[in-house]
Amino acid sequence: MRILLTNDDGIHAEGLAALERIARELTDDVWVVAPETDQSGLAHSLTLSEPLRLRKIDEKRFALRGTPTDCVIMGVREVLDEKPDLVLSGVNAGANMADDVTYSGTIAGAIEGTLQGIKSIALSQAYNHANGRIVPWEIAETFAPKLIRQLMDVELPDWTFFNLNFPNCAPKELQGVEVTSQGKLDFGLTIDERADGRGFPYYWLRFGERKGDFRAGTDIHAVKNHKISVTPLKLDLTDYTVLDRVKRALISEDAD
């Protein structure tokens with residue numbers, strides 16, 4: 001099996017090193033094309049106004065001055081001589097659940113792999129921000145290889161991929177694996193206004209305490225209860241429940 005790895009935290013991220021160790025439990029044919037710098041929060045964005053500069057680190061490891069989406073495109077279309085069997089994106093420092101999947105560069109790596117017709121999985125590791133940036137990578141490293149093997153045998157419809165979130169706990173504290181739906185959180189960003197040395201304002205977006213729908217069966221409920229969340233996500237954003245309603249409204253207007 002040939003695996004292509006990417007992430008949004010950058011080529012030097014601890015989570016990417018963890019992902020390489022996970023991938024090498026599955027195969028020796030592991031390729032890395034990851035962003036040169038941190039690309040968190042850039043979602044499924046492309047670099048169109050600047051050139052993509054690719055730096056070869058070793059035989060199967062490359063850094064790209066671009067987004068996670070750029071990395072997967074370059075990996076599949078330029079670096080590799082044939083498509084990989086699997087794209088793994090992560091392991092992100094911090095969970096990617098609920099509404100956050102729309103912002104995530106980690107999710108974007110899996111989205112682009114899916115668009116390229118490749119089975120793709122996003123992996124993220126939760127941690128407690130209050131205690132500083134101490135991420136328990138060992139739980140993802142312990143359980144991800146077996147889980148990925150199992151998911152490789154699942155037949156997926158077109159444009160569907162897996163989003164895995166690992167809880168903030170020690171491996172021995174894990175309470176199992178749960179197949180979940182995407183949860184809902186309230187908007188968690190605040191604007192922090194500051195002034196530079198000349199008195200001009202500048203701003204930081206800051207995460208704050210977040211509330212939301214923690215119902216059983218959702219990704220956020222599972223991770224909160226020390227379970228690995230496995231969520232199948234699809235790229236078809238059509239709201240089929242509204243199609244007939246819209247058709248009726250337009251027909252009614254035309255009749256008038």
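1. Cys 169 is buried, at a relative accessible area of 5%. Buried here means under 20% relative accessible area, exposed over 50%, and partly exposed in between, with a 1.4 Å probe and protein chains only. Cys 71 is buried too, at 0% relative accessibility. A search of the whole structure finds zero disulfides, a disulfide being a pair of cysteine sulfur atoms within 2.5 Å.

2. Basis of the values. This is a predicted model, in which local features need pLDDT of at least 70 and side-chain atom pairs count only at pLDDT 80 or more, while totals for chains, interfaces and linings use all residues. Residues are numbered from 1 along each chain as its sequence is written, and side-chain values use heavy atoms, with hydrogens and water left out.

3. Salt bridges. The structure holds ten of them. The criterion is a side-chain nitrogen of Lys or Arg within 4 Å of a carboxyl oxygen of Asp or Glu. Asp 192 pairs with Arg 206, with the closest N and O atoms 2.8 Å apart. This pair links distant parts of the chain, Arg 206 in strand S11 and Asp 192 in strand S10, 14 residues apart. Asp 192 also pairs with Arg 194, at 3.2 Å between the closest N and O atoms. Arg 206 is partly exposed, at 40% relative accessible area. Arg 194 is partly exposed as well, at 34%.

4. The Arg 2 pair. Arg 2 forms a salt bridge with Asp 81, and their closest N and O atoms are 2.8 Å apart. Here, too, distant parts of the chain are linked: Asp 81 is in the loop between helix H2 (68–79) and S5, Arg 2 is in strand S1, and 79 residues separate them. Helices (H or I, at least four residues) and strands (E, at least two) are DSSP runs, numbered from the N terminus. Arg 2 is buried, at 14%.

5. Helix H1. In H1 (residues 14–24), the buried residues are Gly 15, Leu 16, Ala 18, Leu 19, Glu 20, Ile 22 and Ala 23. Their cover includes strands S1 (2–6), S2 (29–35), S4 (61–64), S5 and S6 (119–125), and helix H4 (137–152). Contact means heavy atoms within 4.5 Å.

6. The largest pocket. It holds about 1,500 Å³ of space. A pocket is an open set of points on a 1 Å grid over the protein atoms alone, where a 1.4 Å probe fits, with protein on both sides within 12 Å along at least five of seven lines; lining residues have an atom within 4 Å of a point. The volume is the space filled by probe spheres set on the points. The lining has 41 residues, and Ala 95, Asp 100, His 129, Phe 207 and Arg 210 lie nearest the centre. S11 gives the most, with four residues. Strands S5 (86–93), S9 (184–185), S10 (189–195) and S11 (201–207) and helix H5 (219–224) each supply at least two. By class, the lining has 16 nonpolar, twelve polar and 13 charged residues. Ala, Val, Leu, Ile, Met, Phe, Trp, Tyr, Cys and Pro count as nonpolar, Asp, Glu, Lys and Arg as charged, and the others, Gly among them, as polar.

7. The second largest pocket. Its volume is about 360 Å³. Of its 17 lining residues, Val 101, Thr 102, Ile 111, Lys 234 and Leu 237 lie nearest the centre. Helix H3 (105–115) and strand S13 (228–234) each supply at least two. Ten residues of this lining are nonpolar, five polar and two charged.
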